[in-house]
Amino acid sequence: MPIRSSSSAAYIQNTSPSSNGVPSTRPTSLTIHPSALFSILDHYLRRTDAQHRVIGTLLGTRTDSTVDVKSAFAVLHSETDEQVAVDMDYHRAMYDLCTRVRPNETIVGWYSTGSDLNTYSALIQNFYSQETAPNQAVHVALDTGTEEGKGAGVKAYVSSPVGIFPKPENCVFVPIPCELRFHEAERSGLDLLLSPNPSSNQTDLDVLASSLTDVQNMLNRVLAYVQSVLRGEVVGDKAVGRYLMDVLGTGVEEDGGWTAGLQDTLMVTYLANLVRSQAEVSARLALTTAV
């Protein structure tokens, strides 16, 4: 049924227009890396007593439907009941510095702590939408769990203008799926942070022993899975089989592949120790000659 011109219905646009008037593609999912989350938490811990939330800029890469947030930096701002002010010069100066270190990362949106979305959030979203044009800006809300009755969590949003003639402060935030993604090099650090009783007195040997134990447990799980498939207890996954072949097949393509690799490793270790011993003997002889 068509809506008459005198109707008070609100129009919600599916896509937000870019600076050239062409609708931009809305992201359908977001992935965020631990380094970005740690930067947000560090910013929150360094806030002043007068700030109930902090905001900052998100950097990363994007495709047509996915945004990958890799890092973040804080932005100075003040917020009262009457107004909100964002230091745009500081924001652009920090972005210029970040592009020198990570030139492949661009502005993809902004973050804030807490779960409150208000008119000021819409104004900040409008500012970042201009920075990310012609793409849509994403908003990540990190709830620190410090407020009573609220748990910690991360949510991601995109915005849609509201009204026939939408204003910057009139928009709705539409949630999108958010996923934590980390590289294999970051796994050990995350495991240490998530451990129930992290110890600061661990030596390098203790860390190595813990890593080897984890590797042994993973190999035992893989071995149990393979044996279950061979016995016909479970249906084998072709993708898992191809992955295991890629990982383990390089060392067993030829007879004695594992043995040859082990012998090469032992030979390199022996030569390194031999060179170290020769260097120590040479140093002691030089010291004796000098005396």
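Which elements each supply at least two residues of the lining of the largest pocket?

Reply: That would be α4 (184-194), α5 (204-230) and α6 (238-248); helices here are DSSP runs of H or I with at least four residues, strands are E runs of at least two, and both are numbered from the N terminus. Bear in mind that this is a predicted model, where local features need pLDDT of at least 70 and side-chain atom pairs pLDDT 80 or more, while totals for chains, interfaces and linings use all residues. Residues are numbered from 1 along each chain, and side-chain values use heavy atoms, without hydrogens or water.

α5 gives the largest share of the lining, 6 residues. In total 13 residues line the pocket, and M218, L219, V222, L244 and V247 are the closest to its centre. By type, the lining has 11 nonpolar residues, 2 charged and no polar ones (Ala, Val, Leu, Ile, Met, Phe, Trp, Tyr, Cys and Pro count as nonpolar, Asp, Glu, Lys and Arg as charged, the rest as polar). The space comes to about 490 Å³, the volume filled by probe spheres set on the grid points. A pocket is an open set of points on a 1 Å grid where a 1.4 Å probe fits, with protein on both sides within 12 Å along at least five of seven lines; lining residues have an atom within 4 Å of a point.

As for the rest of the fold, one thing to spot is the cis peptide bond between A133 and P134, with omega about 5°. P134 sits in the loop between α3 (119-132) and β7 (138-143).
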